[in-house]
Amino acid sequence: RKKIAVMTSGGDSQGMAAVIRAVVRTGINMNCDVFCVQQGYNGLIEGGEYIRKTEWADVRGYLPRGGTPIRTARCKAFYERPGRLTAAKNMVINGIDAIIICGGDGSLTGADRFRAEWPSLLEELVSKGELTAQQIVPHKHLNIVGLVGSIDNDLSGTDATIGCYSALDRISTVISWVQDTADSHSRAFVIEVMGRHCGWLALMAGVASGADFIFIPEQPREDNWKEEMCSIVKKHRDEGKHQTIVVMAEGAQDRYGKKITTDMVKDLLSDPHGLDLDTRVTIVGHPQRGGKPVAHDRMLATLQGVEAVHAVLEATPETETCFIAINENKIVRKPLMAAVQATKEVAEVIKAQDFEKAVKLRDTEFAD
Ligand code: ATP
């Protein structure tokens, strides 16, 4: 029987629990043993109780659940070879040679590195006498399949990441609450949402809420942004609007790469010599990551989890490592490292102020 590990790693997102359920139950349906690894790469290194064989009933109730019940972590030790060596030993001891990992680009990079090093890790374990040559024979190749769990929707090559629509829902809900009280008091609110390199959440939340003005890292503001924002807000007020909403991604910046802060925007809107609006700042913060996944994320997590198990079972030693994407409503397999490279490059070109290239890179299509 094939033995598959499933784990969540890096920052959590809604829908990770649904991923675990889909992988465990599809694996069982396809005659595999599925092991849940607790706390990301920490669990692979700790071994023992952290690597648990999981049964059908163990994941009951996971579909609508927020967070990741098998926990997640950032693991320093996995950046170093000795950490990965111990992880490899624990995998072989449990008879596992396939990992389905749900996380962001860092987690997927770590997994691909582990896969690339796998033969040499096993050789080292045998040469140190920690495993016997016989023990490693059935585990010559490590098979990795990635699933992208992230609220930011920041991975190139997929239209949506697992969790992004739930986070968007949380933000839109918060904004609608704020809009009620803003309207009662004729106030302005500056709303900060997550997204250092990727403005998808801010942009979509702004569109979904009828925001007056939106700041995203991919569209740095020109020198005249203050006049531009104030004239738009004034126009809306003159037209009879009683509330003002400005949505800002964490990575909001001007064209010199200087951060535009919520306080800068607040001071501008409340300037007694200007618009003189009673202005408050709301930082949405961690509620963006919490709560039950919306139907779209449950669907995405389930369809992609099923596809990930199929990808593991169909893989040969020659198969390129893939992640599961959604493109134009189709669940597809894509080369993992090409997407990770393009994602990293996006962050670099945004830093270097090449925004057109950033948008192109994010939309990059990779061969299936
Ligand atoms: P988020 O989107 O929340 O940042 P992420 O998966 O990108 O999620 P990271 O903190 O970058 O989060 O990575 C998670 C873990 O993956 C790290 O703590 C580390 O254990 C492992 N990892 C990341 N990059 C590497 C790497 N180059 N080599 C080995 N392990 C890595």
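Predicted model: local features only at pLDDT ≥ 70, side-chain atom pairs only at ≥ 80, totals over all residues.
Biologist: What percentage of the residues in the chain is buried?

Modeller: A residue counts as buried if 20 or more other C-beta atoms lie within 10 Å of its own. Of the 368 residues in the chain, the buried share is 51%.

Biologist: How far apart are the end C-alpha atoms of helix H1?

Modeller: Helix H1 covers residues 16-29, which is 14 residues. At 1.5 Å a residue these should span 20 Å, and the model agrees with this expectation, because the end C-alpha atoms are apart by 20 Å.

Biologist: Is H1 mostly covered or uncovered, and what do its buried residues pack against?

Modeller: Twelve of the 14 residues of H1 are buried, so far as the cut-off of 20 C-beta neighbours within 10 Å decides it, and H1 is therefore mostly covered. Among the buried residues are Met16, Ile20, Arg21 and Gly27. After H1 comes Asn31, with a positive phi near 65°. The buried residues of H1 pack against strands S1 (3-8), S2 (33-37), S4 (98-103) and S5, and against helix H10 (295-314).

Biologist: Which helix gives the largest share of the shell around the ligand?

Modeller: There are 17 residues around the ligand, and those that come nearest are Gly10, Gly11, Gly104, Gly106 and Gly110. By class, the shell has four nonpolar, ten polar and three charged residues. The largest share, six residues, comes from helix H4 (residues 105-127).

Biologist: Which residue does the UniProt annotation "active site" cover, and where is Asp152 found?

Modeller: The annotation comes from an unreviewed UniProt entry and covers Asp152. Asp152 is found in the loop between strand S5 (143-148) and helix H6 (164-185).

Biologist: Is Asp152 buried or exposed?

Modeller: Leaving aside neighbours within four places in sequence, Asp152 is in contact with Cys164, Met194, Gly195, Cys198, Trp200 and Leu201. Inside 10 Å, Asp152 has 24 C-beta neighbours, and therefore Asp152 counts as buried.

Terms used: Residues numbered from 1 in each chain as written. Near = placed C-beta within 6 Å. Helix = DSSP H or I, 4+ residues; strand = E, 2+ residues; numbered from the N terminus. Nonpolar A, V, L, I, M, F, W, Y, C, P; charged D, E, K, R; others polar. UniProt positions renumbered as here; feature names shortened; annotations may be inferred. Contact = placed C-beta atoms within 7 Å. Expected span 1.5 Å × (residues − 1).
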